[in-house]
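I opened my notebook to record what I looked up here, one entry at a time. The structure comes before the notes.

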Amino acid sequence: MKTISVCSYISSMGMSVPDKVSTNDYFAAYLDTSDEWISERSGIKERRWAEGDIGISELSERAARQALANGGFTPQDIDGIVFATVTPDYAFPSSACLLQKRLGITQCFAFDLAAACSGFIYGLSVADGLIAAGRARNILVVGADVLSSLINKQDRSTCFLFGDGAGAAVLSSVSNNETGSKRYIEGNITELSGLYAIDMRSDGSLGGILTAGTGSALRASAERIAANEHCIKMDGREVFKFAVRALADVSLNVCQKTGINISEVTHFVSHQANMRILQGMAKQLGIPEERVPSNIARYGNTSAGTIPILLTEMIDLGRLKKGDLVLLSAVGAGITWGAILLRW
Ligand code: ACO
């Protein structure tokens with residue numbers, strides 16, 4: 001019998017998206033584009049945008065509450081919040097602290113993490129490390145963004161890609177041993193639930209192909225905002241080429257780390273950036289597209305939100321079953337990318 005050691009598993013999940021739907025015809029009404037072009041090049045039919053000043057902590061509250069309720073957790077059970085977002089409510093306080101207040105959690109650590117579309121993978125990885133170090137037993141990991149706050153609606157090559165959304169997971173320790181050193185448990189690799197292998201990468205030298213936002217290096221001013229300098233700028237072709245290669249590479253790597261063959265993976269839950277990127281990754285890995293679930297048609301790219309939203313929908317639809325092997329993967333601005341292989 002082949003064994004594996006794990007220290008954490010996803011014990012529950014939740015999601016929330018804004019009510020307002022914008023279809024591709026919204027753009028076709030004022031730009032030189034069409035529903036046909038957008039659908040064919042990206043797979044996106046519609047997306048949700050938060051209205052007014054709804055910030056990311058407000059949008060995430062419902063997802064977080066759902067995750068807590070689904071796992072039977074009270075606020076007191078949560079030892080920490082890791083909030084992956086690149087569209088925080090403010091520079092400070094962090095969205096993690098704002099969410100902590102909304103949830104009425106009185107004692108826990110809380111911080112934001114910026115890894116763009118790879119945020120949920122990074123968040124799970126960091127939370128898994130904190131659990132392995134004995135710093136927490138249950139961590140609320142949120143992946144969420146309000147990218148509508150950074151869209152240049154006059155840029156027809158990027159504006160249709162992005163939507164708003166939030167997903168949340170509670171990552172829990174597999175061990176009941178609160179203070180002892182035995183935080184990993186070993187079990188049969190064909191049945192033990194938990195995070196099996198993680199690969200987290202970044203390459204800052206490629207950061208220029210996808211940028212957005214104001215900050216200390218690009219101070220906000222009325223002129224800059226009026227000129228849309230704070231909005232998303234992207235070299236779509238470069239991002240596309242890099243994403244297909246990188247997703248396939250890290251997917252193979254987490255399989256190799258565990259000795260599991262790629263053909264054994266039940267679901268490839270990959271960041272929803274573009275349907276053609278998902279098809280390209282499937283082709284490179286030699287896997288059938290049926291194993292690459294997608295909801296990009298309904299939500300577009302919600303950045304750190306895509307993976308936890310898709311996982312939650314799969315659970316609700318009964319598509320994700322105990323014992324399934326799931327490979328999470330993502331690429332995002334930074335450039336960051338990564339993968340996690342887990343058994344549900
Ligand atoms: N409607 C009609 N025509 C358009 C539009 C539009 N909305 N946008 C661009 N075009 C035109 C271009 O001007 C170009 O015209 P030209 O040939 O006369 O110059 C032509 O269509 C082809 O443009 P490309 O940029 O080559 O189109 P492509 O097939 O690469 O698709 C897209 C563009 C969808 C942005 C693609 O590059 C892509 O998806 N890249 C990945 C980017 C991505 O997903 N980013 C998300 C954030 S990063 C992440 O999450 C990993």
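**Entry 1: helix 10 and what follows.** The model I am reading is a predicted one. I then went back to helix 10 itself, residues 306-316. How many of its 11 residues are buried? I found nine, so I noted helix 10 as mostly covered, taking buried as under 20% relative accessible area. I listed the buried ones: Thr306, Ile307, Pro308, Ile309, Leu310, Leu311, Thr312, Glu313 and Met314.

**Entry 2: aromatic pairs.** Next I searched the whole structure for aromatic pairs and got seven. I looked at Trp37 and Phe160 among them. Their ring centres are 5.9 Å apart. Are the planes stacked or edge-to-face? They stand at 85°, and over 60 degrees counts as edge-to-face, so I wrote down edge-to-face.

Trp37 belongs to helix 2 (residues 35-42). Phe160 is in the loop between strand 7 (138-146) and strand 8 (164-173). The pair links distant parts of the chain, 123 residues apart. I looked up the accessibility of each partner. Trp37 is partly exposed at 36% relative accessibility, whereas Phe160 is buried with 5%.

I moved on to Phe242 and Trp337, an aromatic pair that is also edge-to-face. I noted 5.1 Å from centre to centre and 85° between the planes. Phe242 lies in helix 7 (residues 236-258) and Trp337 in strand 15 (residues 336-343). The pair therefore ties together parts 95 residues apart in sequence. Phe242 is buried at 13% relative accessibility. Trp337 is buried too, at 9%.

**Entry 3: two helices in contact.** Last, I looked at helix 3 (residues 56-71) and helix 4 (residues 95-103). At what angle do they pack? I read about 50°, with the axes 9 Å apart. That angle makes helix 3 oblique to helix 4. The crossing of helix 3 past helix 4 is right-handed.

I wrote out who meets whom. From helix 3 come Ile56, Ser57, Glu58, Ser60, Glu61, Ala64 and Arg65. From helix 4 come Ser95, Leu98, Leu99, Arg102 and Leu103. I sorted this contact by class and got five nonpolar, three polar and four charged residues.

Methods: Residues are numbered from 1 along each chain as its sequence is written. This is a predicted model: local features need pLDDT of at least 70, side-chain atom pairs count only at pLDDT 80 or more; totals for chains, interfaces and linings use all residues. Side-chain values use heavy atoms; hydrogens and water are left out. Rings of Phe, Tyr and Trp (its six-membered ring) pair if their centres lie within 6.5 Å; planes under 30 degrees apart count as stacked, over 60 as edge-to-face and the rest as tilted. Helices (H or I, at least four residues) and strands (E, at least two) are DSSP runs, numbered from the N terminus. Buried means under 20% relative accessible area, exposed over 50%, partly exposed in between (1.4 Å probe, protein chains only). Axes are lines fitted to C-alpha atoms, for helices over the stretch in contact, and angles run from 0 to 180 degrees between N-to-C directions. Angles under 35 degrees count as roughly parallel, over 145 as roughly antiparallel, 65 to 115 as roughly perpendicular and the rest as oblique. A crossing is left-handed if the near helix is turned anticlockwise from the far one by less than a right angle, and right-handed if clockwise. Contact means heavy atoms within 4.5 Å. Ala, Val, Leu, Ile, Met, Phe, Trp, Tyr, Cys and Pro count as nonpolar, Asp, Glu, Lys and Arg as charged, and the others, Gly among them, as polar.
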